[in-house]
2 protein chains.
Amino acid sequence: MSKVLVFASMSLDGYVAGPDVSADHPMGVGGERLHDWMFTDPALPDRAVTDGVRAETGAVVVGRRTFDVGLRHWEDVPYPAPTFVVTHETRPDLPQAGGTFSFLAGVEAAVERAKTAAGERTVTLMGADVQRQALAAGLVDEVRISLVPVLLGGGAKLFDGLPAMTFSGPVGQVSFAVR
Amino acid sequence: MSKVLVFASMSLDGYVAGPDVSADHPMGVGGERLHDWMFTDPALPDRAVTDGVRAETGAVVVGRRTFDVGLRHWEDVPYPAPTFVVTHETRPDLPQAGGTFSFLAGVEAAVERAKTAAGERTVTLMGADVQRQALAAGLVDEVRISLVPVLLGGGAKLFDGLPAMTFSGPVGQVSFAVR
């Protein structure tokens, strides 16, 4: 069975995207600071985290907004795998170099199709709305948070308004200096 | 010079204490789940974190509410060091086995006195209000967050409503399962 994964970078004040998401600001205004760590020296341990997700991902579910603003930046599917976009709009498949975008109505249907496509590999969820909806619906098996020492002050929160849920895993220890 | 440290356990939804703090619930209702990790097997790596703070702490600044609800649980000063309670009430010093509680008006005055008392050692801040006030006033040198995989849904947030600040340090990687 495939595992359904939420992989998100989060600010200290709980935001996984900044405010006012647009094509010019696909992570929201200031939100790109959440992802800077992904593009650092390949020798740093952090790179093993993103490389690991890339290696294990067998299918992707992505929100419509993330798809809309992300495509011109990815110039392909976001991971080299079949990618299911959650939208009520009926659209034909959109093949790319690394995989095909398919369009499905509803997070449940998209996760179901992605699990079939992924086989034994991981289904990776992208986009704050899809991630939160999937958490609330009990569709998620694992969460990996990269806690980034920045304050965004606004945007989309992953963990607000969720029902009571039980997680299990070690405490994350994070230390940083204030300048 | 002493270093001023915020050491806090935080839930995934950003709370450092639960709602309705009282003598019966010194961490707020449900908030004790934030600190469970501190009382686990002494062989676990997490224990090194709390032992390290205990070893380096040369003085403590604590909020009045945390003092009021904490004293009967600590049955002493919270760390074996001089401890400065922020309150506008004038009170005589309160000696304990491990150090003396002194009472000062205002976070700035308390941090100043604690730095003198700590010498080269660390000033550790306790209590969400005092920690946030000290962050906002630019008095903090380092923050250590233990990100605990629980949702509290309410309580006190450390990082809400702060002015723009710059932090520097590595991203924290946290992974947990959803049951």
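**Close-up views of a two-chain predicted model**

**View 1. Strand S4 of chain A and its side chains.** A:Thr83 and A:Val85 point one way from S4(A), while A:Phe84 and A:Val86 point the other way, and all are buried (buried means that 20 or more other C-beta atoms lie within 10 Å of the residue's own, exposed means 12 or fewer, and partly exposed is in between, with C-beta atoms placed from the backbone). Strands (E, at least two residues) and helices (H or I, at least four) are DSSP runs, numbered from the N terminus. The model is predicted: local features need pLDDT of at least 70 and side-chain atom pairs count only at pLDDT 80 or more, whereas totals for chains, interfaces and linings use all residues. Residues are numbered from 1 along each chain as its sequence is written, and chains are lettered from A and ligands numbered from 1 in the order in which they are written.

**View 2. The neighbours of S4 in chain A.** Strand S4 (residues 83-86) and strand S6 (residues 100-104) of chain A run parallel and are joined by 4 bridges; two strands pair if DSSP finds at least two bridges between them. A:Val85 has A:Phe103 as its bridge partner in S6(A). S3(A) also runs parallel to S4(A), again with 4 bridges. Here A:Val62 stands opposite A:Val85, and A:Val61 has A:Phe84 as its bridge partner.

**View 3. The hairpin of S5 and S6 in chain A.** Strand S5 (residues 94-95) pairs with S6(A) in the antiparallel sense over 2 bridges. A:Pro95 stands opposite A:Thr100, and 4 residues lie between the two strands of this hairpin.

**View 4. The open sheet.** Its 9 strands have mixed pairing and the order S5(A)-S6(A)-S4(A)-S3(A)-S7(A)-S1(A)-S8(A)-S11(B)-S10(A). S5 and S10 of chain A are at the edges with a single partner strand each, so one side of each has no neighbour in the sheet.

**View 5. Helix H3 of chain A.** The 12 residues of H3 (residues 107-118) should span 16 Å at 1.5 Å a residue, which agrees with the 16 Å between its end C-alpha atoms; the expected span is 1.5 Å times one less than the number of residues. Buried residues of H3(A) include A:Val107, A:Ala110, A:Val111 and A:Ala114. Just after H3(A), A:Gly119 takes a positive phi of about 60 degrees.

**View 6. The contact between chains A and B.** Chain A gives 36 residues to the contact and chain B gives 36 residues (two residues are in contact if their C-beta atoms, placed from the backbone, lie within 7 Å). On the side of chain A that touches chain B, the elements giving two or more residues are helix H1 (45-56), strand S8 (142-148), strand S10 (167-168) and strand S11 (172-178) of chain A. S11(A) runs antiparallel to strand S8 (residues 142-148) of chain B, and 6 bridges join them. A:Gly172 stands opposite B:Leu147 in S8(B).
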